[in-house]
Amino acid sequence: MGALTKRRESLIRSLAVRHGRKGSGYCLCDGPRASGEILKLRPDLVEQVILREGFEGDFDFPVSPDLLSAAEFDRIRNTVHSQGILLLVKRPEDTPEDEPVRTPFVLVLDRIADPGNFGTIVRTARAVGLSEIWLTDGTADAYSDKSIRSASGAQFALRIRRHGSLEHTLQLLKKQGFGRVYRTAPAAGANVFRENGLFDRSVIVLGNEGGGVGAIADSVDLNIPMPGDAESLNVAQAATVILFEYVRRTFPC
C-alpha cells in the first residue's frame, strides 16, 4: 500500500470546493465511468491515478497508479459511496477570446447553476456533435467533481469557453458573425420546430433554472410547444429537445 504526501493530500482536499480549485490548475475525477472517458480523451492531462484497494477495472493508465488502503482512500474523498478510482487532472487551458468558433451555431449557458443540469447538457451537446459550449459567469464550474461526474467526463471532449458576462459573450460572438440570438422562453416566441435559420450562424441562450434568461436586445424568443398544462421544462430537458431538433434537420433519417 502507498500513501500520499501531506502536500498532495491537502491539494486533493482543496479541490472539493470552488475556492480551492480557483488558480490551482487542477480538478478531480471520481469513479470509473468518468475516469474512463478522461483516460480515453485526454490522458495527457492526467497527473495522478489513485486506486482504492480491491478496485477492479481494465484501464490503460498514463502514469503508475498509487494504491491506497480503503480507510485512507475514503478519508481523502468527500463522496459517500466512492467507486475506488480517483484522478488528479490538469484543467484544460482557457480558450482565447478571438479563437474562431468551430460550430454551426453556438449554445450559451447563462448562469445554469446546478451541476446535474450542466452535466446533462454537456453530454447531450457531445452526443449531437457540438465541439464547444460557451458559459457565462454564474454557470456551474465545468470542472468541479460534481460536474465531471454528472457529465461522465464529456466536457473533456468539448472546448468549454467562459468569457465573462452574457453581454460580453454575445459581443464576442457577434464579432465572429453570430449575430442572430435566440433567447429560450417558456410560453411565447418562435416555434423551435419551425424557425428557419435556427442553427445557421446563430446563438441559442439557455438560462438560469429559476430566473431564466435575462433581457437581450434584438433577440428572438424561442419556444418549445407544450400541448399539456406544464408551465415549463427543466433546462436540461429543453436543451435536449433543441439539440436533437438540430440532429433531425441536419441528419434526416
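Predicted model: local features only at pLDDT ≥ 70, side-chain atom pairs only at ≥ 80, totals over all residues.
**Conventions.** I number residues from 1 along each chain as its sequence is written, and I work with heavy atoms for side-chain values, leaving out hydrogens and water.

**Whole chain.** I looked up the secondary structure and found eight helices and eleven strands, taken as DSSP runs numbered from the N terminus (helices H or I, at least four residues; strands E, at least two). The radius of gyration, taken over C-alpha atoms, is 20 Å, close to the 18 Å of the globule rule for 253 residues, so the chain is as compact as a globular protein of that length; the rule itself is 2.2 Å times the number of residues to the power 0.38. The C-alpha trace spans about 60 × 40 × 35 Å along its principal axes. I noted that 47% of the 253 residues count as buried, where buried means under 20% relative accessible area, exposed over 50% and partly exposed in between, with a 1.4 Å probe and protein chains only.

**The sheet.** I traced an open sheet of seven strands in the order β7-β6-β5-β10-β8-β11-β9, with parallel pairing; two strands pair if DSSP finds at least two bridges between them. β7 (159-162) and β9 (190-191) are at the edges with a single partner strand each, so one side of each has no neighbour in the sheet.

**Strand β5.** β5 pairs in the parallel sense with β10 (residues 202-206) over four bridges, with Val108 opposite Val205. Towards β6 (residues 132-135) I counted two bridges, again parallel, and there Leu109 has Leu135 as its bridge partner. β5, helix α5 (residues 115-128) and β6 make a right-handed β-α-β unit, right-handed meaning that, with the strands pointing away from the viewer, the path from the first strand over the helix to the second runs clockwise.

**Strand β8.** Four of the five residues of β8 are buried. β8 runs parallel to β10 over four bridges, where Tyr182 is partnered by Ile204, and parallel to β11 over three bridges, where Thr184 stands opposite Leu222.

I checked helix α8 (residues 235-250), which lies across β5, β8 (180-184), β10 and β11 (220-223) and runs at about 155° to β10; axes are lines fitted to C-alpha atoms, for helices over the stretch in contact, and angles run from 0 to 180 degrees between N-to-C directions. Tyr246 is buried, at a relative accessible area of 10%, and forms an edge-to-face pair with Phe251, 6.4 Å centre to centre and 85° between the planes. Rings of Phe, Tyr and Trp (its six-membered ring) pair if their centres lie within 6.5 Å, with planes under 30 degrees apart stacked, over 60 edge-to-face and the rest tilted. Phe105, Phe199, Tyr246 and Phe251 form one aromatic cluster.

**Ser147.** Which residues does Ser147 contact, leaving aside its neighbours within four places in sequence? I found Pro115, Phe118, Gly119, Ala140, Asp141, Ala142 and Gln155, contact meaning heavy atoms within 4.5 Å. Ser147 sits in helix α6 (residues 145-151) and is buried, with a relative accessible area of 0%.
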